[in-house]
Number of protein chains: 2
Amino acid sequence: MARQSKKLRHEQLKSCMECSPFVTDEELATQFGVSIQTIRLDRMELGIPELRERTRQVAQEAHANPKAIASQDMTGEILDLELGRTGISTLLVTSDMVFEKTHVARGHHIFAQANSLALAVMDAPAAVTGVANIKFKIPVREGERLVAKAEVVRTRANKNFIWVKTRSGAQEVFRAKFIMVSLEG
Amino acid sequence: MARQSKKLRHEQLKSCMECSPFVTDEELATQFGVSIQTIRLDRMELGIPELRERTRQVAQEAHANPKAIASQDMTGEILDLELGRTGISTLLVTSDMVFEKTHVARGHHIFAQANSLALAVMDAPAAVTGVANIKFKIPVREGERLVAKAEVVRTRANKNFIWVKTRSGAQEVFRAKFIMVSLEG
DNA sequence: AATTTTTTTAGTAGCAGATGATAAGAGTAA
DNA sequence: TTACTCTTATCATCTGCTACTAAAAAAATT
């Protein structure tokens, strides 16, 4: 009985921490009908830090990247890069990138990954996107990991023609043709 | 001397709290070259809560609306909308939308405004972007207010052909042609 | 049933980062 | 000098813990 109820309590404790991390040991104790010491032991076993530390972590994180995705210069993570030639980046589609109703990814995130990869590939200190032809082939959903491949197909004066193809698994979900213009001095 | 330096300290204290709220009274004391008690008095006078309370507030807020701006289904603010025909939205280019180095707006924000307006204009419960042809005509900078106008130019089966033109003042900075596909049932 | 093991409870000492109150110096201005 | 503001010092107290020891209670094993 105790064993089962302990496991159960641990499960509940973990999920409880995720949704409402601002609870004292005392409150948890009364909530679960056990003593404070038991809660402390549980936290030890599960590696859950104390209330103040939990709060601090949430606050720190929120403070570190106040606008989440929006404020980074790069969307996605670059895996491979050959300046002026090719590049590969990945992006995990998280819950904040999808429409609430349909759980389909908002197009601009996929665009952002491709566009920022194209920018990274360009061998120029500063650049802007001039023209893009893009095609969303298949709707992308939460949890999918997107892999974008960029390839510079032509370079002319300060213009770069770049192709980006984005896959989710084996499926091609998106492709884009960019003309990027480098800004010099 | 004391009076001036007190006012000054109060000013600095307030601005200090805004940018880095995770500082103890002790750290503040050494930083300002005064005693802890003075810092406490200052906080009292200025109505600044203690470290733990400050941290809690930041965490609470972050927890209440987890992804703020990034998770909204709409980018920009709709001023006018005629379903299935036209729509207008505005977007103020803020510091978190621009590249750190150049202060030029990242393309996907402009795209996002246009794309979400195009979605809004469509007279369909759910839709995805199929194809887009887009052109960034002039780089946009921080502080500019963008006005996007969308127009449905053709409707065929479950496809909508939508033009979006974005201006900053009198200048056209961006235009896009979208083919949106409505998802039914 | 007796024994071993696991789980839970209790209690003490101590810490960080405060509050609140009270008293005492320091600086300046009339 | 006196009056005044500003600053510092000191002490008791609080919350929500950690770290540790000890023991009671429950469950599992023999």
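Some ground rules. This is a predicted model, where local features need pLDDT of at least 70, side-chain atom pairs count only at pLDDT 80 or more, and totals for chains, interfaces and linings use all residues. Residues are numbered from 1 along each chain as its sequence is written, while chains are lettered from A and ligands numbered from 1 in the order in which they are written.

Next, the contact. It takes 36 residues from chain B and 35 from chain A, where two residues are in contact if their C-beta atoms, placed from the backbone, lie within 7 Å. On the side of chain B that touches chain A, β3(B) gives the most, with nine residues. Strands here are DSSP runs of E, at least two residues, and helices are runs of H or I, at least four, numbered from the N terminus.

β3 of chain A, residues 127-136, and β3(B) pair in the antiparallel sense over five bridges; pairing needs at least two DSSP bridges. A:Ala132 has B:Ile134 as its bridge partner in β3(B).

Last, 97% of the interface residues of chain B are also interface residues in chain A, so the copies meet through the same surface.
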